[in-house]
Amino acid sequence: MILSVSRRTDIPAFYSTWFLARLRAGFVDVPNPFNSHQVSRISLRPEDVDCIVFWTKNPAPLLPHLVELDAMGYRYYFQVTLTPYGRDAEPGLPEKAELVRTFQTLSSTIGREKAVWRYDPIFLTEKYTADWHEAAFRRLLGELASYTERCVISFLDLYRKTARNTKPLGLLPLTEECMEDIAARFSRAAEGSGLDLQSCSEAVDLDRYGIRHGSCIDKERIERVLGAAVDVRKDPTQRQECGCMQSVDVGQYNTCLHLCRYCYANFNADMARACMRDHHDDSTMLTGRLSLTAKVTERKVTHLKLGPLRGEAPAELSLF
């Protein structure tokens, strides 16, 4: 089983203590986003979790716990979103210089192949122009290129709630021509850096700029982390443009206090603050507590099928 931690919130930044407690307990309860009385109980035992994919904008609170994660036998890698926007767009984040140092520390601790840099989402305003993005990308590239192998870019998708929340920013139209212009600028900037550029969930084809369609829950990266070939299919619950492999997400919406205006996972800031107030480190759930009337269903564990990496002799397939 691949564990996604998490598309729906930033667990490393805000809930590291809770997550470590759930790992020690060996399970977590995750309510259905559309029916909170239906709860999935997901095993977190090391023998059931093949790989953890962390999504975060600030991994600092989890860094002290990585030694314990390693000792428990978990394999993992990080997707770290680091964008240069100001507090008008990302009001709850630490200073960007601090986040750069945290990324560098993470990479030095776990290896650059396990620290993926995300520059997303990209959007345009009168302030955040294509020229501004190019200059900002070049600055971050200079600070991060030695600490990662890949940068993933994506362009903002406007859902109904994100359209409402981003209204104060004054978004400008993001045409395919604009996307290609920014992609070309980023590609030129990355030449000779050794950094691989990929896109995330984009219909637009950027191959001509050396930016191929990628996947965040990435079969190739998981194989490198595990040291074994894996047989895993594309996640059927994600959008057609998404290339991610099938995974189990343990997060809950409306629980992230970064409060980024463009985020699809927070409906509004007040709801996120209320959910945070209802968080308990000793709860089996991320926010609130398990109701006596909840219908709890244990999720079946589906292990990855493992085999030898290409060019290597067959090996013992047990990970732990």
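## Charges over rings

In this predicted model, the charged end of K161 is placed over the ring of F267, at 4.8 Å from its centre, and K114 lies over the face of Y76, 6.0 Å from the ring centre; a charge sits over a ring if NZ of Lys or CZ of Arg is within 6 Å of the ring centre and within 35 degrees of the ring normal. Local features need pLDDT of at least 70 and side-chain atom pairs count only at pLDDT 80 or more, whereas totals for chains, interfaces and linings use all residues. Residues are numbered from 1 along each chain as its sequence is written, and side-chain values use heavy atoms, with hydrogens and water left out.

## Aromatic pairs

The whole structure holds 19 aromatic pairs, counted where ring centres of Phe, Tyr and Trp (its six-membered ring) lie within 6.5 Å, with planes under 30 degrees apart taken as stacked, over 60 as edge-to-face and the rest as tilted. The rings of Y85 and Y128 have centres 5.0 Å apart and planes at 80°, so this pair is edge-to-face.

Both Y85 and Y128 are buried (under 20% relative accessible area, with a 1.4 Å probe and protein chains only), and one aromatic cluster is formed by Y85, F123, Y128, W132 and Y262.

## Lining of the second largest pocket

The residues that line the second largest pocket divide into 6 nonpolar, 4 polar and 5 charged, where Ala, Val, Leu, Ile, Met, Phe, Trp, Tyr, Cys and Pro count as nonpolar, Asp, Glu, Lys and Arg as charged, and the others, Gly among them, as polar.

Key: Buried < 20%, exposed > 50% of the residue type's maximum accessible area, 1.4 Å probe, protein only.
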